Amino acid sequence: YRRSHLIYAKSCKSQCDMVSPTITSDGGRMIGVGIGHEVILVNRDSKKSYKFGKHGSYPGQLEAISSLAFSSVGNILVADNILNRVSMFSSEGEFILCFGTSRKDGTTNEHSLSNPSALAIDAKDHVYVADTDNHRIAVFNHEGCYLKNIGCKGTKLNEFDQPFALALSHTVLGVLEKGNRRIQFICLESDNDVVGSLYLENIPEPRALIWIRPNGSEDKESMSGDILV
């Protein structure tokens, strides 16, 4: 991550002074970095990199990247918290589709996103979106079709107040909330039951969530490993 961050920062220093990058990996050879309206992909093996992303609001264009995630087939999904949508691109940067936008008349529905801040993708290529201003996790399939919500606004377990960071480990989804200042751990294979929670009173401004599991861990519902906030 550090290497890709430095490569990108060197080429886009003026942008780095204004906004923070978002960084992700496909778990193998590719690293993705998003900053502003551009995505840069770095190949760990060849050390070669290329970028894509045009500024604008038309399909395939980007405004403010808030999160990136790789699918199992190598497509890259990009959350945009100004355009309130998720766009999908091929590994070569070709636009495929976008989802989460409002209707053409401006009205919203259950598909509509408001300030999507984070993405996570499971083994079935289901896309989990931290839909911050709607206080929920919105779930879509890999074709961008809406499947369901997880949670609603509130302070109880399985309720959220401004979820804005996600970390997925097998079938357990960690959700970091800005309003409730906590992390909830949700088992995605047991009716989205909360299997744990952690309050963050001593962390003034948590911004990201990373889950590091021990090598060789096979327990899909285990909460073993380290959580970085």
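1. Phe-95, at 32% relative accessibility, is partly exposed.

2. A word on the source: this is a predicted model, where local features need pLDDT of at least 70 and side-chain atom pairs count only at pLDDT 80 or more, while totals for chains, interfaces and linings use all residues. Residues are numbered from 1 along each chain as its sequence is written, and side-chain values use heavy atoms, with hydrogens and water left out.

3. How many aromatic pairs does the structure hold? There are four (rings of Phe, Tyr and Trp, taking the six-membered ring of Trp, pair if their centres lie within 6.5 Å; planes under 30 degrees apart are stacked, over 60 edge-to-face, the rest tilted). Phe-89 and Phe-95 make an edge-to-face pair, 5.8 Å centre to centre with 65 degrees between the planes.

4. Phe-99 and Phe-140 form a tilted pair, at 4.7 Å centre to centre and 45 degrees between the planes. This pair links distant parts of the chain, 41 residues apart: Phe-99 belongs to strand E10 (residues 95–99) and Phe-140 to strand E13 (residues 136–140) (strands are DSSP runs of at least two E residues, numbered from the N terminus). Both Phe-99 and Phe-140 are buried.

5. Look also for the aromatic cluster formed by Phe-52, Phe-89 and Phe-95.

Methods
Buried means under 20% relative accessible area, exposed over 50%, partly exposed in between (1.4 Å probe, protein chains only). Helices (H or I, at least four residues) and strands (E, at least two) are DSSP runs, numbered from the N terminus.
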